[in-house]
Amino acid sequence: LIPAGTFPMDDKSLKNAVQQAVDSVKTLMKRVTDEEICRSLFPLVVLAGDGNQLVRYAETNAGDIVTDALRAYTGADVAIINGGGVRADISAGAITVGDVIAMLPYDNPVTVVSVTGQELQELLSLCCQDVPKESGDFPQVSGIRLTLCKGRPNAVRDVMVLNAVSGEYEPVVPAKTYTLATIEYAVSGGGLHGRLANANRVRNFDKSDCGILIWYLREKLQGIVPERYSATQDRIR
């Protein structure tokens, strides 16, 4: 902060003082964002080769790793994030804090809600209804497999949920209650077509999607992105 009256109010003094303040903030930010947290032999992809936002109409390895991070941190049965919230590729090589911020720039708090299997199927179908058009509500998922039926009113079928004990995917049970990790933007009615606005909250987390991905890369993956993320994992067929 620069207290009022600290310097004479001529243009040169003001410009120099402001520039010093700006430079000090930039230096501090660079020190934080340049910190290396992980390394990868392959890129984490958000954009298609033609520049379209792949994450808004298809599964991506970036979406896989982001949602896996949410599910691992929260312990929820499944995780979903709207594709529009995943914004930038991360190139192969060193992954820095700044790279993760660029990918998840909105720093959304994370929450867990409860949904029935029927509600989960309806949510997925609604969010996939615009394929092959881009949609910010297109779901990137973890703990879920589904078959996408392009251009049909019932956009998804064969929804499967991962059994954390057996490691196998099992058909979703319509009447069963599942815990779902997502971002506050979705639960507040802004994302995923607002379908989770009235969902029962199980737990709110102080950590954001960005912070959780940093934790996942650094702590759970021990600084190396494993080969399983080199391509998509057949979650959305």
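The structure is a predicted model, and every value below was computed from it.

**The nonpolar core**

The largest nonpolar core contains 63 residues. Within this core, I65, M103 and L217 have the most contacts. Helix α6, which covers residues 209-220, contributes six residues, the largest share of the core.

The surroundings of M103 can be listed in detail. Leaving aside residues up to four places away in sequence, M103 touches L44, V46, A62, V66, G85, V86, R87, A88, I90 and L213.

**Helix α4 and its neighbours**

Helix α4 spans residues 117-127. Its buried residues are G117, L120, L123, L124, S125, L126 and C127. Which strands do the buried residues of α4 pack against? They pack against β2 (78-82), β4 (109-116), β5 (139-142), β6 (144-148), β7 and β9.

**Salt bridges**

How many salt bridges does a search of the whole structure find? The search finds eight. The table gives three of these pairs, with the distance between nitrogen and oxygen and the relative accessible area of each partner.

| Pair | N to O distance | Relative accessible area |
|---|---|---|
| D158 and R157 | 2.5 Å | D158 44%, R157 44% |
| E184 and R201 | 2.9 Å | E184 22%, R201 34% |
| R237 and D234 | 3.2 Å | R237 49%, D234 39% |

A residue is called buried under 20% and exposed over 50%, so E184, at 22%, is classed as partly exposed. R201, at 34%, is partly exposed as well. In the remaining pair of the table, R237 is partly exposed at 49%, and D234 is partly exposed at 39%.

The salt bridge between E184 and R201 has its closest N and O atoms 2.9 Å apart. E184 belongs to helix α5 (residues 184-187) and R201 to strand β10 (residues 200-208), so this pair ties together parts that are 17 residues apart in sequence. Salt bridges also form a network, in which D64, D68 and R235 are linked.

**A residue of strand β10**

Strand β10 also holds D206. Because its relative accessibility is 85%, and residues over 50% are called exposed, D206 counts as exposed. The C-alpha atoms of D206 and V110 are separated by 7.2 Å, although these two residues are 96 residues apart along the chain.

**The largest pocket**

The largest pocket holds about 230 Å³ of space. It is lined by 14 residues, and those closest to its centre are D77, V161, L162, N163 and K176. Which strands each supply at least two residues of this lining? They are β7 (156-162), β8 (169-171) and β9 (177-183).

What is the make-up of the lining of the largest pocket by class? The lining has seven nonpolar, three polar and four charged residues.

How values were computed. Residues numbered from 1 in each chain as written. Predicted model: local features only at pLDDT ≥ 70, side-chain atom pairs only at ≥ 80, totals over all residues. Heavy atoms only, no water. 1 Å grid on protein atoms, 1.4 Å probe; cavity = no way out; pocket = protein on both sides within 12 Å on 5 of 7 lines; lining within 4 Å. Points joined across faces, edges and corners; volume = space filled by probe spheres on them. Helix = DSSP H or I, 4+ residues; strand = E, 2+ residues; numbered from the N terminus. Nonpolar A, V, L, I, M, F, W, Y, C, P; charged D, E, K, R; others polar. Salt bridge = Lys/Arg side-chain N within 4 Å of Asp/Glu carboxyl O. Buried < 20%, exposed > 50% of the residue type's maximum accessible area, 1.4 Å probe, protein only. Core = buried A, V, L, I, M, F, W, Y, C linked by side-chain atoms within 4.5 Å. Contact = heavy atoms within 4.5 Å.
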